[in-house]
Amino acid sequence: MDIQTRRQQILMEMTQINTMEKGRLTEEYRESYKDGTPVKLGPYYKYQRWEEGKNVSRRIPAHQAEDLRLAVEGYHRFKALVDEYAELTVELTRSHSEAQSKKKSRSF
């Protein structure tokens, strides 16, 4: 696939991402004892993000966790697409520059 086609695909994929949240969502479990036997409790969800230079964390109810997980994944996917788009654009720019240099050196 050529660079221009991939760049267009990336832009299309970016428009498909409808929810985004910065940060990360973690799943935690706790251990309790019932009649002397360890029992695993959870999962409990914790959402962390940086806000104004501080790490902010809050508990998330289980019924909201899936939507938040998808939004966090959407943000990370968007950032990865931006990085890929930038790399392809740099590559395209360099190939154009090299082609222009070769044309100028031949035309005397």
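Contact here means heavy atoms within 4.5 Å.

Some ground rules. This is a predicted model, where local features need pLDDT of at least 70, side-chain atom pairs count only at pLDDT 80 or more, and totals for chains, interfaces and linings use all residues. Residues are numbered from 1 along each chain as its sequence is written, and side-chain values use heavy atoms, with hydrogens and water left out.

Now the layout. The chain has two helices and three strands. These are DSSP runs, numbered from the N terminus: helices are H or I with at least four residues, strands are E with at least two. From the N terminus, the order is α-β-β-β-α. The chain's radius of gyration is 24 Å, well over the 13 Å that the globule rule gives for 108 residues, so the chain is more spread out than a compact globule. That radius is taken over C-alpha atoms, and the rule is 2.2 Å times the number of residues to the power 0.38. Along the principal axes, the C-alpha atoms fill a box of roughly 90 × 30 × 25 Å.

Next, surface. The accessible surface of the chain is about 8,600 Å², and 51% of it belongs to carbon and sulfur atoms. Areas come from the Shrake-Rupley method with a 1.4 Å probe; for residues, only the protein chains shown count as cover. Buried residues make up 20% of the 108. Buried means under 20% relative accessible area, exposed means over 50%, and partly exposed lies in between (1.4 Å probe, protein chains only).

On to charges. How many salt bridges are there? The count is eight, where a salt bridge is a side-chain nitrogen of Lys or Arg within 4 Å of a carboxyl oxygen of Asp or Glu.

Take Arg6 and Glu84. Their side chains meet in a salt bridge at 2.8 Å, N to O. Arg6 lies in helix H1 (residues 3-16) and Glu84 in helix H2 (residues 62-106), so this pair ties together parts 78 residues apart in sequence. Arg6 counts as buried, at 18% relative accessibility. Glu84 is partly exposed, at 28%.

Compare a local pair, Glu66 and Arg69. Their salt bridge is 2.3 Å, N to O. Both sit in helix H2, three residues apart, about one turn of the helix. Glu66 is partly exposed at 40%. Arg69 is partly exposed at 31%. There is also a network: salt bridges that share partners join Glu28, Arg30, Lys46 and Arg59.

Last stop, strand S2. Is Arg49 buried or exposed? Arg49 is buried, with a relative accessible area of 18%. Arg49 sits in strand S2. Its side chain forms a salt bridge with Glu51 at 2.9 Å, N to O. Glu51 is partly exposed, at 39%. The two side chains are also joined by a polar contact of 2.9 Å. That term means a pair of N or O atoms within 3.5 Å; within protein, one must be able to donate a hydrogen and the other to accept it, and residues adjacent in sequence count only if both atoms are side-chain atoms. Leaving aside neighbours within four places in sequence, Arg49 contacts Lys22, Gly23, Lys54, Asn55, Val56 and Arg58.

Then Gln48, found in strand S2 (residues 37-51). Gln48 counts as buried at 17% relative accessibility. Not counting residues up to four places away in sequence, Gln48 touches Gly23, Arg24, Asn55, Val56 and Ser57.
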